[in-house]
Amino acid sequence: PEALGVFVNLSVLDLRDNDFTGRIPDGLGRLKNLEYLYVDGNAITGRMPDGVCSLVEDGVLNPVAADCAASGGLECDPDCCECV
């Protein structure tokens, strides 16, 4: 949910293996202290928000562990996601 974006001091968000569906909320790009984001093991679709990928580009966030579009999941640039 978009409300996750209010946890600005969050450094690890592990959402693995929960059968979540839908899209990654844009609000996660506001988590400026987020170092690790795991979203694999879900049925997430759509594109990784630009704000999240900006955190990776800035060296704050490690590449996101995700089920990528090649296997029917999330669309994500290789520089932003580690497809698992």
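Guide: Start with Val60: setting aside neighbours within four places in sequence, Val60 is in contact with Lys32, Asn33, Leu34, Glu35 and Leu55. Contact means heavy atoms within 4.5 Å. This is a predicted model, where local features need pLDDT of at least 70 and side-chain atom pairs count only at pLDDT 80 or more, while totals for chains, interfaces and linings use all residues. Residues are numbered from 1 along each chain as its sequence is written, and side-chain values use heavy atoms, with hydrogens and water left out.

Visitor: Where is Val60 placed?

Guide: Helices (H or I, at least four residues) and strands (E, at least two) are DSSP runs, numbered from the N terminus. Val60 is in the loop between helix H1 (50–57) and S5. Its C-alpha atom is separated by 7.3 Å from that of Lys32, 28 residues apart along the chain.

Visitor: Why is Val60 called partly exposed?

Guide: Buried means under 20% relative accessible area, exposed over 50%, and partly exposed in between (1.4 Å probe, protein chains only). Val60 is partly exposed because its relative accessible area is 30%.

Visitor: Is Ala66 buried or exposed?

Guide: Ala66 is buried, with a relative accessible area of 0%. Ala66 lies in strand S5 (residues 64–66). Not counting residues up to four places away in sequence, Ala66 touches Val39, Asp40, Leu74, Cys81, Glu82, Cys83 and Val84.

Visitor: Which residues line the largest cavity?

Guide: On a 1 Å grid over the protein atoms alone, a cavity is a set of points where a 1.4 Å probe fits but cannot get out; lining residues have an atom within 4 Å of a point. Grid points are joined across faces, edges and corners, and a volume is the space filled by probe spheres set on the points. Here the largest cavity is lined by Val39, Asn42, Ile44, Ala66, Asp67 and Leu74. Its volume is about 30 Å³.

Visitor: What pattern does the chain follow along the sequence?

Guide: The pattern is β-β-β-β-α-β-β. The radius of gyration is 11 Å, close to the 12 Å that the globule rule gives for 84 residues, so the chain is as compact as a globular protein of that length. That radius is taken over C-alpha atoms, and the globule rule is 2.2 Å times the number of residues to the power 0.38.

Visitor: How much of the chain is buried?

Guide: Buried residues make up 39% of the 84 residues.

Note on methods. On a 1 Å grid over the protein atoms alone, a cavity is a set of points where a 1.4 Å probe fits but cannot get out, and a pocket is an open set with protein on both sides within 12 Å along at least five of seven lines; lining residues have an atom within 4 Å of a point.
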